[in-house]
Amino acid sequence: MDYDTFVDQVAQRTGTPAVRAVELTGAALETLAERLTGGEVLDLAVQLPAQLQVVLKPGPDNEAAQRFGAAEFVTRVAVRARVDESTARVAVRAVFTTLREAIRGGEFDDVAVQLPREYRELVEPALAPGSALRGPERSRIHLRDGSLRLSPAVVDQGRLTQGVGARPLHLGV
């Protein structure tokens, strides 16, 4: 996954502009790098675009994983991104989900295994079936038990669009 796609997906999941998504992504990845062992950070970084690798580079101060819980993780992201904790929590979930899509095979599982059980509410959305956005023209229409649900999108005169520059899907209404 390239950098622009990564940022675009975080922006869509958080409902924020791309500039804000860049800040939220950096804050979440920098905090994740503190929480993981240096080796795991390197394994993760090599699979990401160069702009994100910079945030994940381990140094001598962070070779060993720092031990802090999920609440502290969210607080650190909130402070770094200068947002409230509710916004930071949404951002962390969005970044984890996008991260899962961006890296190969079991690498995300290797990351998740290093996090204690209390991180479950932050990590599980990334592991849920259907959490991934598919392709550049994501309809964001979900069928559940025969019902139709439109998640954050704009319905305008029978057209469903994803935001600025997105091609509309004609719903035939």
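Helices, taken as runs of at least four residues assigned H or I by DSSP, and strands, taken as runs of at least two residues assigned E, are numbered from the N terminus. The loop between H5 and H6, named in this way, holds arginine 82, a residue taken up again below.

## Overall architecture

The structure described here is a predicted model. The protein contains eight helices and five strands, and along the sequence these elements follow the pattern α-α-α-α-α-α-α-α-β-β-β-β-β.

Of its 173 residues, 42% count as buried. When contacts in the protein between residues at least 6 apart in sequence are considered, 63% of them join residues at least 24 apart.

In soluble globular proteins, nonpolar side chains tend to be buried together. In this protein the largest nonpolar core has 42 residues, and the members that touch the most other members are Leu32, Leu44, Leu48, Phe96 and Leu99. Two or more residues of this core come from each of helix H1 (3-14), helix H2 (18-35), helix H3 (38-45), helix H4 (50-56), helix H5 (70-81), helix H6 (85-102), helix H7 (107-113) and helix H8 (120-127). The greatest contribution is that of H6, which gives eight residues.

## Helix H3 and its covering

Within H3, the buried residues are Gly38, Glu40, Val41, Leu44 and Ala45. Viewed down the axis of H3, these residues fall within an arc of 160 degrees, and they therefore line one face of the helix. The elements that cover the buried residues of H3 include H2, H4, H6 and H7.

## The packing of H1 against H2

The axes of H1 and H2 come within 8 Å and cross at roughly 100 degrees, which makes H1 roughly perpendicular to H2. On the H1 side, Tyr3, Phe6, Val7, Val10, Ala11 and Thr14 take part in the contact, and they meet Ala18, Ala21, Val22, Leu24 and Thr25 of H2.

If residues up to four places away in sequence are not counted, valine 7 touches Ala18, Ala21 and Val22. The C-alpha atoms of valine 7 and arginine 20, which are 13 residues apart along the chain, are separated by 9.3 Å.

## Salt bridges

Side chains of opposite charge can pair when their charged atoms come close. The count of salt bridges in this model comes to nine. In one of them the side chains of arginine 76 and glutamate 34 meet, with an N to O distance of 2.8 Å; because arginine 76 lies in helix H5 and glutamate 34 in helix H2, the pair ties together parts that are 42 residues apart in sequence. Arginine 76 counts as partly exposed at 21% relative accessibility, whereas glutamate 34 counts as buried at 13%. Arginine 76 also forms a salt bridge with glutamate 72, in which the closest N and O atoms are 3.0 Å apart. Glutamate 72 and arginine 76 are four residues apart in helix H5, so about one helical turn separates them, and glutamate 72 is partly exposed, with a relative accessible area of 34%.

A further salt bridge joins arginine 93 and glutamate 121, with 2.4 Å between the closest N and O atoms. Since arginine 93 lies in helix H6 and glutamate 121 in helix H8, this pair ties together parts that are 28 residues apart in sequence. Both partners are partly exposed, arginine 93 with a relative accessible area of 26% and glutamate 121 with one of 37%. Elsewhere, salt bridges that share partners join Glu30, Glu34, Glu72, Arg76 and Arg80 into one network.

## Backbone at arginine 82

Most residues other than glycine have a negative phi. Arginine 82, in the loop between H5 and H6, has a positive phi of about 55 degrees although it is not a glycine. Its relative accessible area is 61%, and arginine 82 therefore counts as exposed, the cut-off for that class being over 50%.

How values were computed. Residues are numbered from 1 along each chain as its sequence is written. This is a predicted model: local features need pLDDT of at least 70, side-chain atom pairs count only at pLDDT 80 or more; totals for chains, interfaces and linings use all residues. Side-chain values use heavy atoms; hydrogens and water are left out. A nonpolar core is a set of buried Ala, Val, Leu, Ile, Met, Phe, Trp, Tyr and Cys residues joined through side-chain atoms within 4.5 Å. Buried means under 20% relative accessible area, exposed over 50%, partly exposed in between (1.4 Å probe, protein chains only). A salt bridge is a side-chain nitrogen of Lys or Arg within 4 Å of a carboxyl oxygen of Asp or Glu. The arc is that of the directions from the helix axis to the C-beta atoms. Contact means heavy atoms within 4.5 Å. Axes are lines fitted to C-alpha atoms, for helices over the stretch in contact, and angles run from 0 to 180 degrees between N-to-C directions. Angles under 35 degrees count as roughly parallel, over 145 as roughly antiparallel, 65 to 115 as roughly perpendicular and the rest as oblique.
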